[in-house]
Amino acid sequence: MTAHVQPSTYEDRVISRAKAARAACYGKAKVVNIAPTLRLPADEPHELDEGRTFLTPVDFIRSRCALRSITFDQITVHDRAAAIVSVRNLIIRETNRRYPDMSIAQLAKYFRRNHTTILHALGRIPEKAKRVLHSGERDRLARELYHQGLSIAEIAQQLGVVESTVRGIRKRHGWEARTE
């Protein structure tokens, strides 16, 4: 026979009611296993582990900042100074090596950056993005091709853009007449 035990002191009753209210609001507590996402590579020793067998990513980032005489806040603030950017990119690469199972989005949260900044630091920008011409250069090249007699579709194909982009460039710069 199971007996239900009532809290005996005032404090126990308050704690019991608080737990019941929390359970009513948020539901049953969930167990989340984060260990697989933070697994450390066994073959890579790090000098700043300070005898610990495990460093959280934030602790690792802070230790790398300290190693380079820079603060964590300097790394995470939106500053485009060349010295800060180069150190930030270096620490991003080190963190990615240390925690290979961590996603790009997770890395971006730790550094308070957009995921594309992390991709750029890791050198993983897609080839298409590297090929995109500066708009002025693209417009000049489109005009030259247009005056050579190429159709809008052919120009779009050569520049790697859609036809409406070429039509917009043509309208914006007013090059209706072809030179014969």
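The model is predicted, with local features requiring pLDDT of at least 70 and side-chain atom pairs pLDDT 80 or more, whereas totals for chains, interfaces and linings use all residues. Residues are numbered from 1 along each chain as its sequence is written, and side-chain values use heavy atoms, without hydrogens or water. Helices are DSSP runs (H or I, at least four residues) numbered from the N terminus.

**Packing of α8 with α9**

- Helix α8 (residues 135–147) and helix α9 (residues 152–159) pack at about 140 degrees with axes 10 Å apart; axes are lines fitted to C-alpha atoms over the stretch in contact, and angles run from 0 to 180 degrees between N-to-C directions.
- The crossing of α8 and α9 is right-handed, the near helix being turned clockwise from the far one by less than a right angle.
- R138, L141, A142, L145 and Y146 of α8 meet I152, I155, Q158 and L159 of α9, where contact means heavy atoms within 4.5 Å.
- The residues of this contact comprise 7 nonpolar, 1 polar and 1 charged; Ala, Val, Leu, Ile, Met, Phe, Trp, Tyr, Cys and Pro count as nonpolar, Asp, Glu, Lys and Arg as charged, and the others, Gly among them, as polar.

**Packing of α8 with α10**

- The axes of α8 and helix α10 (residues 163–173) come within 10 Å and cross at roughly 90 degrees, and the two helices are therefore roughly perpendicular to each other.
- On the α8 side the contact involves R138, D139, A142, R143 and Y146, and on the α10 side T165, I169, R170, R172 and H173.
- This contact divides into 3 nonpolar, 2 polar and 5 charged residues.

**Helix α2**

- In helix α2 (residues 57–67), P57, F60, I61, S63, R64 and C65 are buried, that is, under 20% relative accessible area with a 1.4 Å probe, protein chains only.
- These buried residues pack against α3 (72–76), α4 (82–98) and α5 (104–111).
- S69, which follows α2, has a positive phi near 55 degrees.

**Nonpolar cores**

- The largest nonpolar core has 20 residues, and I75, I91, F111 and I118 have the most contacts inside it; such a core is a set of buried Ala, Val, Leu, Ile, Met, Phe, Trp, Tyr and Cys residues joined through side-chain atoms within 4.5 Å.
- Helices α2, α3, α4, α5 and α6 (115–122) each give two or more residues to this core.
- Beyond its neighbours within four places in sequence, I75 contacts C65, I70, V87, R88, I91, F111 and R113.
- Another core, of 11 residues, lies apart from the largest one and includes L145, L150, I152 and A156.

Key: Angles under 35 degrees count as roughly parallel, over 145 as roughly antiparallel, 65 to 115 as roughly perpendicular and the rest as oblique. Buried means under 20% relative accessible area, exposed over 50%, partly exposed in between (1.4 Å probe, protein chains only).
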